Structures are given as structure tokens and as C-alpha cells.
Amino acid sequence: MCKASAEKAKEISFAEVKSHNTPKSAWAVVNKQVIDITDFAKRHPGGDIILLAAGKDATVLYHTYHPKGVPQALLDKLQIGTLPDSDVPDSYYDWSSPFYDTLCKRVVERLKTLNRPLRGNSDIQIKAVGILLCFWGSLYKMYTSEFHQAIVWSIVMGVFAHFVGTCIQHDGNHGAFSKMPFINTAAGWTMDMIGASAFTWQFQHMLGHHPYTNLLDVHEEENKAKEIDTPMEQKDQESDPDVFSSFPLMRMHPVHEPLWYNKYQHLYAPVLFAFMTLAKVFQQDIEVAMNKRLYHIDAKCRYGNVWNLVRFWGMKALSTLYMIGLPCYFHGTKGGLILFTVGHLTCGEVLATMFIVNHVIEGVSFAKKDSREEVNGSSKPATAQGVTPMDETLKASSIKAENKVPLNDWAAVQCQTSVNWSPGSWFWNHFSGGLSHQIEHHLFPSICHTNYVHIQDVVEDTCREFGVPYQSEPNLFVAYGKMLNHLKAMGRMKAL
Ligand SMILES: [Zn+2]
């Protein structure tokens, strides 16, 4: 055996991979191969976004951020060892179906035919410039107008801060805003510009929510209720923070036992939405940067680097200056604080509305995984349960046998746990930053949102062909009503 082959065959434990979790030394696992991405991060075509994989099993990220595929030779070149079978993390997902490969091929082909690049386009870039001008323009008017007019400008500023969140930073941090990594990084920084943290968002959204949408590890949830915290180095949790982080204030997922006040959550939820961004800016961001973790997610891949900490605290200080300091300078302390709060409440309300209807809504599925269940030494296939019952295999009578998709196929889970509204609408796709085509976004997070309206029919047709559910609501208004219905049901239903 030559030296290189012997090195690749060398067994490296998952515990060791987890200890290489900073930009200085970044290892990751892809399909059992242990790869060293420390130097490669500098020449990775998608930029240093790859460092989010440091110290983690990145199999889901690897598959879902590369719709055109990655040459196996590249992985082999980066390989430094192999994960022993006993250490391979027990994943909820099945990758045996051709469903996702077929979707990728068809979507790439469609965009090629239309001559549209997968990442970035002039339409998103022109829109971004317009949004940034409106954000800064409304902030300036808020400083210089009479107080009663400044209140209106702070509402306008809040609305445009939300557009920065949905139409610029979202694509930037997903690596979808541009083909050039440094432009994606700059677009991602606009999250810090509006006072929040792009890093915290990357952990929650890209490492928690996207790969494991509406999925909860029931064992970890029980531990949490008993205040047992699994040590960080043992954590290997496939859970979506978006559906557990607001519990018990709001019960969104059926595995949790409802509390008495959850009965009223459909009434108070719209009030809580307004406080979402304030809670992120002043509590969650700070906690994550100090503790270097977000719930079960190790955050050292970003905060294990001094420059990133300087960026985080520097942007917090700078944004505090122009979001709170300058309004107080122009309108006095009380006036400035009122303007800042009104802007934030507006941004929080609009942002939460746009995000929540996509996954927490009547008809959508919720999955659960029990990491303690063991059969013959290996974990049982994870069980999934939805508000609407789901079968072992997704079925439709007209589907050919070879097209049957397992219930826990990664792409099929994305389709079952996400909902579109106003599908095919160019206007709403632009207005919502592609959130109206949530199914397409979850299947292809690295594809620019301005492309979703052009691939929507391809995705829907392929879902029909494979018998995979594809839920669309006619408009945001209907989707909002169904979201409240879901919250109402969750406030009363016993835990599953
Ligand atoms: Zn996203």
C-alpha cells in the first residue's frame, strides 16, 4: 500500500474530528471520509462558508450545497483518514433514492437553458442596492425629521431592515448572492449592519434549521426538560432550533407536551413575533459569542478565531452607535429609544411573519428522531410523525416502483416540511426574497432566490412524478391563517 493510501485508510475517531473545530485546524466528515479543509477554505469556490463544517459530519451540507456535484477526486485529495464504522453518526436521513439527484439534474438543466447562473445575478444585485439606499435613506430621515414624522420613518426603516434580512443577507450567507465569495461575505455582513449577527444566523439557520427542518431529537428534548445537558463533545443532534427554541412560550412541534397557556398561543403569537429581533440582537447573539455554542451546535468554527470575534463586537458597537446613539443625539434619550424600539418591533413582526408560515402551518409534517433507540447494536430507523399521518414510504398509485421515495429521504423531508405560497409569482418571489418558494429554497439553498420562480414548475412536476407531497397556499394571507390554525391545534393537542 502506498503512503497516501495508507493515510486515507487510517481510522480517525469522530471525537478527534470534533476537536478540529476552528479555522486554524478544520476537519470534517463527508460520507465516512475524514477531510482536512483548513487550507482548502482559502481556495474553496464558495468561500470560507465551508468552515461551518469544521469539527462536524458535513454529509448533509456537502450533498445539498452542490447541485452540480463535486468531483470525488477532490474529496480524495483532501482525505486524511476514514471514520470507523462504530463512529459513523446515526443519521435520520436516507440517501438511497434517485429523487434528489433527478431534481438537481433537472434544475441545473433548466437554469442552463435560461442562461441564468445558479449563484447571483444582476437582478438580486440591483435589488440589493435599492434596498440598502432605502434603509440608509429612511434612517437619515429618521434622524433629521420632526419626532412625529421620525416615527413613520422608523417604521419604514424597520421594513427595509427586514428586506435586508430576506433579500440580501439570506442569500449572501447561503453563498447564493454572487459567484464571488467576497461579495457573498459582504452581503452576509449586512446582517451585522442591521444590528444582528451573521455568525449566529449561520449556526441556527444553516447548521440547524436547513439540514434538519422540523426534525427533533426526542431523547435530547426529554433530557432538556430534566435539565440534563449532554456534553458538547458527545452531541450529535439532528434537531431544528427554529421549532424548539421558542418552547415553552410557543409550542410548534408535536413532541412537546403543551403547557396551559399554549392554549392561547395563536392569540399572543403575533405579539411575540414583534420581539423576535430584539431578543436576537441583545440576548442570543451575545450568549452565542460568549459561550461559543448555540444550543447543541458548536460555534467555534467561527468564534474560535480572534478576527471573527473582533468583527462581531466591532459591528455590535458600530450598529449600536447609528441605531441607538444617533437617534438619541437628534431626538433626546427617550425619543431615540422610542424610535429604535419602533423600528425593531416593525422589523421583527414582518420578518417573523415571512419566516414562520413556511414551516409551522397546517398540513406540514413534523419528524422526530429518538437517538436512544437501539436494535441489534445499531439505531432503529428514526420514526417520523406528522400532524397529518405519514406512511412508511411515500406513495401515490400512479408512481412507478423504482420511483418510490423513502419517507426519510432528505429531499422528500424538505418537501414535506416546507410550504410555498403564491407559487409561480415573480412579484411575491422578489418581495419575499424567495421565501414564497420555500420548497425550492430548502432543496437548493445555494441557488440565488431570484431563480426560484424559474424552477418552481420543474420541482413541482418532479415531486408529482415521485409521489412526494408539494404543499402550496394561494397567498400569504391564507398561509398566515393556516399558521394560526396550526398554533391553535398545537396549544391543545397531546404530545405525540
Ligand atoms: Zn435559508
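1. A salt bridge here is a side-chain nitrogen of Lys or Arg within 4 Å of a carboxyl oxygen of Asp or Glu. By that rule D85 forms a salt bridge with K32, and the closest N and O atoms are 2.5 Å apart. D85 sits in the loop between β5 (79-82) and α6 (99-113), while K32 sits in the loop between β2 (25-30) and β3 (33-36), 53 residues away; helices (H or I, at least four residues) and strands (E, at least two) are DSSP runs, numbered from the N terminus.

2. Please keep in mind that this is a predicted model, in which local features need pLDDT of at least 70 and side-chain atom pairs count only at pLDDT 80 or more, whereas totals for chains, interfaces and linings use all residues. Residues are numbered from 1 along each chain as its sequence is written, and side-chain values use heavy atoms, with hydrogens and water left out.

3. The chain is divided into domain 1 (3-87) and domain 2 (99-496), with bounds that come from an automatic or database domain assignment. The contact between them, meaning heavy atoms within 4.5 Å, takes 22 residues from domain 1 and 33 residues from domain 2.

4. About 2200 Å² is buried between domain 1 and domain 2, and carbon and sulfur atoms give 62% of this; buried area is the accessible area (1.4 Å probe) that two parts lose on being put together, summed over both. On the side of domain 1, L52, Y65 and P67 lose the most area to domain 2, together 30% of what that side buries.

5. Are the partners of a salt bridge buried or exposed, taking K316 as the case? K316, which forms a salt bridge with D285 at 2.8 Å between the closest N and O atoms, counts as buried at 10% relative accessibility, and D285 counts as buried at 1%; buried means under 20% relative accessible area, exposed over 50%, and partly exposed in between (1.4 Å probe, protein chains only). By contrast, D85 counts as exposed at 58%, and K32 is partly exposed at 32%.

6. D457 in helix α20 (residues 452-466) and R110 in helix α6 are 347 residues apart, yet their side chains meet in a salt bridge (3.0 Å, N to O).
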